[in-house]
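Please read these short notes with the model open. They take a sheet and its helices, then a helix pair.

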Number of protein chains: 4
Amino acid sequence: MKLVYFNFFATAMLLSSFIGYAQEQLPGDITADQAQLIVNEANRLSKKEGVVVNIAVVDAGANLKSFLRMDNSYLGSIDVAIKKAKTARYFNAPTGEIGKIAQPGGAIYHIEHSNDGLITFPGGVPIYNSAGYIIGAIGISGGTIEQDHDIATAASKIILKK
Amino acid sequence: MKLVYFNFFATAMLLSSFIGYAQEQLPGDITADQAQLIVNEANRLSKKEGVVVNIAVVDAGANLKSFLRMDNSYLGSIDVAIKKAKTARYFNAPTGEIGKIAQPGGAIYHIEHSNDGLITFPGGVPIYNSAGYIIGAIGISGGTIEQDHDIATAASKIILKK
Amino acid sequence: MKLVYFNFFATAMLLSSFIGYAQEQLPGDITADQAQLIVNEANRLSKKEGVVVNIAVVDAGANLKSFLRMDNSYLGSIDVAIKKAKTARYFNAPTGEIGKIAQPGGAIYHIEHSNDGLITFPGGVPIYNSAGYIIGAIGISGGTIEQDHDIATAASKIILKK
Amino acid sequence: MKLVYFNFFATAMLLSSFIGYAQEQLPGDITADQAQLIVNEANRLSKKEGVVVNIAVVDAGANLKSFLRMDNSYLGSIDVAIKKAKTARYFNAPTGEIGKIAQPGGAIYHIEHSNDGLITFPGGVPIYNSAGYIIGAIGISGGTIEQDHDIATAASKIILKK
């Protein structure tokens with residue numbers, strides 16, 4: 001058993017050694033520090049507002065970067081918050097704007113069936129850096145759609161102040 | 001083969017022994033006795049009503065706790081009943097209330113695409129304990145939406161009478 | 001809104017009316033009473049054995065019929081118990097027998113990738129009626145594989161005693 | 001449209017008002033503060049160790065509570081870290097212990113096909129509170145399996161020091 005473990009270990013070391021010469025993350029992508037700053041700001045704003053929410057931040061590749069579920073918030077909002085963040089980055093727009101044209105008869109009705117399910121009501125917005133580039137997105141779920149959208153928008157801008 | 005099984009048996013016993021000092025279930029979560037009481041009451045009420053349904057109870061973590069499919073009820077209602085129970089717990093509200101704002105043009109239209117599929121018509125309700133805390137949820141599927149909702153609501157309250 | 005509800009109601013009534021002339025369930029399939037009898041017996045035997053398990057019963061069509069998660073049993077065993085029951089009915093054999101030939105190099109290695117995932121270690125067994133026909137299956141998860149198998153086998157036979 | 005939104009806003013407020021009298025989270029479950037403390041400690045330990053990882057914390061119901069992906073860590077480790085945390089809570093044991101009996105020929109070989117996929121190599125461990133109860137689990141992915149396990153274990157204990 002020890003030998004087997006050793007083999008795994010060696011392979012894992014090999015994999016890890018890639019990091020040394022090939023930076024995984026693109027220059028300019030959202031950093032863990034920025035993502036945590038945004039999550040903590042959304043947490044603070046939600047407490048101030050008296051609402052409990054789920055907070056998800058994805059990177060420029062629409063992959064989960066940081067997440068926090070506030071105490072007593074909806075269990076169902078875990079997935080909604082993550083899908084809002086992904087939807088906002090998938091189409092580089094606030095989820096509420098996508099929802100306006102995803103209604104029955106709308107131009108992109110049924111787009112919600114793509115990408116393992118989209119959420120197209122307000123609460124997800126792109127995250128911009130100071131140069132105006134989209135570097136990720138944030139999704140908030142748990143309050144009213146207006147609260148979710150406002151908290152997401154305000155929290156996403158905290159990185160511009162630093 | 002017997003020897004191999006014996007070795008793994010010993011390890012499995014080790015795993016089981018964790019239960020001894022670390023209760024898996026949080027104090028205050030719905031118990032198996034409560035879940036069965038609710039399922040049996042829903043079964044009784046459905047028979048009295050002359051309708052055949054699927055009955056699902058989930059715990060506070062939205063995980064399946066007890067289930068019964070009555071004879072001659074819809075096969076398709078297995079998943080509907082489970083999803084109704086989960087939906088009610090995910091958002092701490094009767095599924096019919098969620099459905100009201102999940103219509104086209106509604107605030108949370110398309111939320112049904114989250115969480116591997118939600119059911120947002122009546123028949124799922126949270127289960128409250130005598131202190132007013134939500135400890136799980138019940139989903140009923142097989143009758144009309146009014147019957148499903150009424151049976152779910154009445155059955156969920158049987159634990160308050162004991 | 002009232003009118004919309006009325007329409008749903010009418011459609012649901014139409015669906016329900018099928019039951020009147022077309023019994024959904026095949027004659028000879030496991031009944032809800034039998035399934036509950038088996039689940040309760042497995043519950044009783046597990047308590048006697050001092051082990052906490054998840055108990056799943058499926059019908060002749062391999063669809064969930066009854067389920068119970070005992071207090072403090074593994075959350076991960078919900079799906080394992082259901083998959084054991086389904087696997088036993090899918091191939092009309094105890095899951096442990098299937099597992100013997102599903103090992104690397106075995107005749108049906110990788111069969112576990114079919115049917116949305118099979119569980120091929122002991123704990124699932126077919127349920128026979130007094131005429132020797134398979135009418136469903138039971139899956140137990142939470143104890144050692146020997147305990148799970150023994151409880152499943154003993155509980156499945158309770159319906160022969162009535 | 002504004003009017004419609006207003007109506008649904010009112011209903012959404014109604015939903016939110018449920019939180020007022022029915023605490024969503026069971027007393028004794030892991031809190032957001034505890035989860036963030038653990039994530040931050042895992043982040044700190046990983047930096048000290050010179051390794052970049054994904055960090056996931058789930059609650060007692062195996063639902064995601066907090067998450068962080070360190071810069072330059074594997075994209076593929078997002079799901080591995082989350083599945084490690086869930087697996088550890090599903091079976092109340094370190095993932096590496098589960099993996100020992102999930103090898104070919106082992107007692108629970110193929111269990112990894114349950115629960116939408118388990119991860120059964122080291123890096124996931126239960127989180128205990130000071131009374132010895134399991135209140136959640138942590139999963140680490142990105143280093144060697146030994147590093148992942150050690151960081152997970154050490155980080156999970158930070159809440160005992162407060």
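1. Start with one strand pair. β3(C) pairs with strand β4 (residues 134–141) of chain C in the antiparallel sense, over 5 bridges. Within this pair, Ile127(C) stands opposite Gly136(C) in β4(C). Keep in mind that this is a predicted model.

2. Now widen the view. An open sheet is formed by 8 strands, in the order β3(B)-β4(B)-β1(B)-β2(B)-β2(C)-β1(C)-β4(C)-β3(C). The pairing is antiparallel. β3 (124–128) of chain B and β3 (124–128) of chain C stand at the edges. Each has a single partner strand, so one side of each is left without a neighbour in the sheet. On average, neighbouring strands are turned by 20 degrees against each other, direction ignored.

3. Next, the helices on the sheet. Helix α3 (residues 32–49) of chain B packs on the sheet and touches β1, β2, β3 and β4 of chain B, together with β2 of chain C. Its direction makes about 25 degrees with that of β2(B). Helix α4 (residues 77–90) of chain B also packs on the sheet, touching β1, β2, β3 and β4 of chain B and β2 of chain C. The direction of α4 makes about 150 degrees with that of β4(B).

4. How do the axes of helix α2 of chain A and helix α2 of chain D cross? They come within 14 Å and cross at roughly 165 degrees. The two helices are therefore roughly antiparallel to each other. Their crossing is left-handed.

5. Finally, look at the residues that meet. Asp33(A), Gln36(A), Asn40(A) and Asn43(A) in α2(A) meet Gln36(D), Asn40(D), Asn43(D) and Lys47(D) in α2(D). By class, this contact has no nonpolar, 6 polar and 2 charged residues.

Key: Residues are numbered from 1 along each chain as its sequence is written. Chains are lettered from A and ligands numbered from 1 in the order in which they are written. This is a predicted model: local features need pLDDT of at least 70, side-chain atom pairs count only at pLDDT 80 or more; totals for chains, interfaces and linings use all residues. Side-chain values use heavy atoms; hydrogens and water are left out. Axes are lines fitted to C-alpha atoms, for helices over the stretch in contact, and angles run from 0 to 180 degrees between N-to-C directions. Helices (H or I, at least four residues) and strands (E, at least two) are DSSP runs, numbered from the N terminus. Angles under 35 degrees count as roughly parallel, over 145 as roughly antiparallel, 65 to 115 as roughly perpendicular and the rest as oblique. A crossing is left-handed if the near helix is turned anticlockwise from the far one by less than a right angle, and right-handed if clockwise. Contact means heavy atoms within 4.5 Å. Ala, Val, Leu, Ile, Met, Phe, Trp, Tyr, Cys and Pro count as nonpolar, Asp, Glu, Lys and Arg as charged, and the others, Gly among them, as polar. Two strands pair if DSSP finds at least two bridges between them.
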